[in-house]
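Please read the following briefing alongside the sequence and the coordinates.

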Amino acid sequence: MKQRFLAPLFALFVACVLTACAGASNTSRLVEPGVQKAGRLTLQSEMEWTRASAQRFQMWTMDGELLNLLYLIPTVREGDYIFLGQRESKRRPDAPYYHRGMREDEIRDLVGDGLLRAGFVGVDATNLRPDDFGGREGLRFEVSMTTGEGLAYQAMVAAFEHEDGLALVIFIAPSEYYFPRDGEKVSRMLDTLRWEG
């Protein structure tokens, strides 16, 4: 009973924190297999998703945010909180804020810090490696983590810098069933990630 009650609260909490409670302006749009856009990001999807869009990000899911969430941010600008929603200031200097020219390990650590602030615990990023996104140097890595209630999750992250800032894509799903079911397909999607312009 407790887990049944906490699951919807956790989904709402993670969605609000990751998107800084910005609220999606366009929900329930179907993402069909094929080339898809999220702002100036493009990627090739093998499966159908439901998309919620706002001005600066998109959230895609197949079964609901608690079960699988693809979070696409075309541009994290200089001084932005890694998951958007607030800016660096003299009053808030210590948070996971993005700055141009950060090393791969610094970007990995920013994402990890953001996930900790989103309520995950035991965040462990592994397999940090360089990657190429249509001629743009970037990085990929995986994350394992749990909720405060002990639910195990996994994530995969892809990021690269472009003229306007940092492109960031994160896929999050439970370690049991959903991540193993969808992980390979999402990884192939991230292989096709490109910036238009």
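In this predicted model, helix α2 is followed by Gly-119, a residue whose phi is positive, near 110°. The helix itself covers residues 104–117, and its 14 residues reach 20 Å from the first C-alpha to the last, close to the 20 Å expected at 1.5 Å a residue.

**Helix α2 and what covers it**

- The buried residues of α2 are Ile-107, Leu-110, Val-111, Gly-112, Gly-114 and Leu-115.
- An α-helix has 3.6 residues a turn, so residues three or four places apart point the same way.

**Strand β10 and its partners**

- Strand β10 is largely enclosed by the rest of the structure, because 10 of its 10 residues are buried.
- With β9, strand β10 runs antiparallel and is joined by 10 bridges; the two strands form a hairpin with 2 residues between them, and Val-157 has Ile-170 of β10 as its bridge partner.
- Strand β6, which spans residues 69–76, also pairs with β10 in the antiparallel sense, here over 6 bridges, and Leu-70 stands opposite Phe-171 in β10.

**Nonpolar cores**

- The largest nonpolar core contains 33 residues, and those that touch the most other members are Phe-83, Val-111, Leu-115, Met-145, Leu-168, Ile-170 and Ile-172.
- Two or more residues of this core come from each of the elements β6, α2, β8, β9 and β10.
- A second, separate core has 24 residues, among them Phe-133, Phe-160, Ala-167 and Tyr-178.
- Once its neighbours within four places in sequence are left aside, Ile-170 is in contact with Leu-69, Leu-70, Tyr-71, Phe-83, Val-111, Ala-155, Met-156 and Val-157; of these, Val-157 is also the bridge partner of Ile-170, while Val-111 is one of the buried residues of α2.

**The open sheet of β2, β3 and β11**

- An open sheet is formed by 3 strands in the order β2-β3-β11, with antiparallel pairing.
- Its edge strands are β2 (34–38) and β11 (194–195), each of which pairs on one side only.
- Strand β3, made up of residues 41–45, pairs with β11 in the antiparallel sense over 2 bridges, and the bridge partner of Leu-41 in β11 is Trp-195.

How values were computed: Residues are numbered from 1 along each chain as its sequence is written. This is a predicted model: local features need pLDDT of at least 70, side-chain atom pairs count only at pLDDT 80 or more; totals for chains, interfaces and linings use all residues. Side-chain values use heavy atoms; hydrogens and water are left out. Helices (H or I, at least four residues) and strands (E, at least two) are DSSP runs, numbered from the N terminus. The expected span of a helix is 1.5 Å times one less than its number of residues. Buried means under 20% relative accessible area, exposed over 50%, partly exposed in between (1.4 Å probe, protein chains only). Two strands pair if DSSP finds at least two bridges between them. A nonpolar core is a set of buried Ala, Val, Leu, Ile, Met, Phe, Trp, Tyr and Cys residues joined through side-chain atoms within 4.5 Å. Contact means heavy atoms within 4.5 Å.
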